[in-house]
Amino acid sequence: RPPRSTPSNSSAASDVYKRQGLEVSCFSSGARLYQPDAEAREQAIEEVRQYARLCEAFSSPQIRVFGGSIPETSRDEAVALACDVLEEMARAAAPATVAVETHDSWVETHLLAALFERVRAENVCVLWDLHHPYRMAGESPRQTYDNVGRHVGATHLKDSRPTTDGGYEYTLPGEGDVPLAEMVDLLKAGGYDGYLTLEWEKAWHPELADPDVALPAYAKYMRKLARGCEG
């Protein structure tokens, strides 16, 4: 949804972040590229435009968007429409970058690869949610990286393990079976130097550990990866 912010309160919040030495790596919008309805497309572009104001206030470089769910329609038509919207979003966001997450129908990253073959805007990138293509689309880390790795400009890192009912449950990083170490190695080898961002979805999954448990566990896990140790 559009940010609930005004120039005055965003400026005050930005000052607090700067005094604490904190950076806002990316604002997470809910805007979607694939919107069959023209009015919905305009609303999504306007949402990105509003987030661009926050990027300016916080000196933040990126705005996350979703590709959106694609119904029973031609994938080529869906990619073409998404490309047109992404071009408009990029103009609305500039100089910030629009980061398209591997989410919903776009966990199948060949679709994102096709999208980025078409798009001409330079301030666009892929946000690789390391969990979703692996868990939801059955892609190997190498397959995902080969499809979109050269376009990755942001990440979400989270872990999970399968459940007996065929689903999955989120875990602390390193306690599931998502091959996070392999994914991080691929990014590092490919020259990625952006943030490795923990996405902790407690608002949607209240059973998850509180942030005061999850954040130290994440930091510990990432230090192990930095030393070349898995898990």
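This is a predicted model: local features need pLDDT of at least 70, side-chain atom pairs count only at pLDDT 80 or more; totals for chains, interfaces and linings use all residues.
**Entry 1: helix α4**

The buried set in α4 is T109, L111, L112, A113, L115 and F116.

T109 got a separate look. The side chain of T109 makes a polar contact with the side chain of N147, at 2.9 Å. Skipping residues up to four places away in sequence, I listed what T109 touches: T102, P133, E139, T144, N147 and V148.

**Entry 2: α4 against α6**

Next I checked how α4 sits on α6. I get an angle of about 15° for this packing, and the axes are 8 Å apart. Angles under 35 degrees count as roughly parallel, so α4 goes down as roughly parallel to α6. The crossing is left-handed. On the α4 side, the contact uses T109, H110, L112 and A113, and on the α6 side T144, N147 and V148.

**Entry 3: α6 against α7**

Then I moved on to α7. How do the axes of α6 and α7 cross? Helix α6 covers residues 141-148 and helix α7 covers residues 180-189; their axes come within 10 Å and cross at roughly 30°. That makes α6 roughly parallel to α7. I noted this crossing as right-handed. From α6, the residues P141, R142 and Y145 meet E182, M183, L186 and L187 of α7. The class count for α6 with α7 is five nonpolar, no polar and two charged residues.

**Entry 4: the buried side of α7**

I listed L180, A181, M183, V184, L186 and L187 as the buried residues of α7. They pack against β4 (124-129), α5 (132-137), α6, β5 (152-156), β6 (159-162) and α8 (211-226). I also looked just past the end of α7, where G191 takes a positive phi of about 90°.

**Entry 5: V152 in β5**

Is V152 buried or exposed? V152 belongs to strand β5. Its relative accessible area is 12%, so V152 counts as buried. Leaving out neighbours within four places in sequence, I find V152 in contact with V126, W128, L187 and Y192. L187 is also on my list of buried α7 residues, and it is one of the α7 residues that α6 meets.

**Entry 6: Y168 in β7**

Last stop was Y168, in strand β7 (residues 168-171). At 31% relative accessibility, I put Y168 down as partly exposed. Outside the four places on either side in sequence, Y168 touches H131, R135, M136, S160, R161, P162 and T163.

Y168 and M136 are 32 residues apart in sequence and 9.7 Å apart in space. For V152 and Y168, I get 16 residues apart in sequence and 25 Å apart in space.

Conventions. Residues are numbered from 1 along each chain as its sequence is written. Side-chain values use heavy atoms; hydrogens and water are left out. Axes are lines fitted to C-alpha atoms, for helices over the stretch in contact, and angles run from 0 to 180 degrees between N-to-C directions. Helices (H or I, at least four residues) and strands (E, at least two) are DSSP runs, numbered from the N terminus. Angles under 35 degrees count as roughly parallel, over 145 as roughly antiparallel, 65 to 115 as roughly perpendicular and the rest as oblique. A crossing is left-handed if the near helix is turned anticlockwise from the far one by less than a right angle, and right-handed if clockwise. Contact means heavy atoms within 4.5 Å. Ala, Val, Leu, Ile, Met, Phe, Trp, Tyr, Cys and Pro count as nonpolar, Asp, Glu, Lys and Arg as charged, and the others, Gly among them, as polar. A polar contact is a pair of N or O atoms within 3.5 Å; within protein, one must be able to donate a hydrogen and the other to accept it, and residues adjacent in sequence count only if both atoms are side-chain atoms. Buried means under 20% relative accessible area, exposed over 50%, partly exposed in between (1.4 Å probe, protein chains only).
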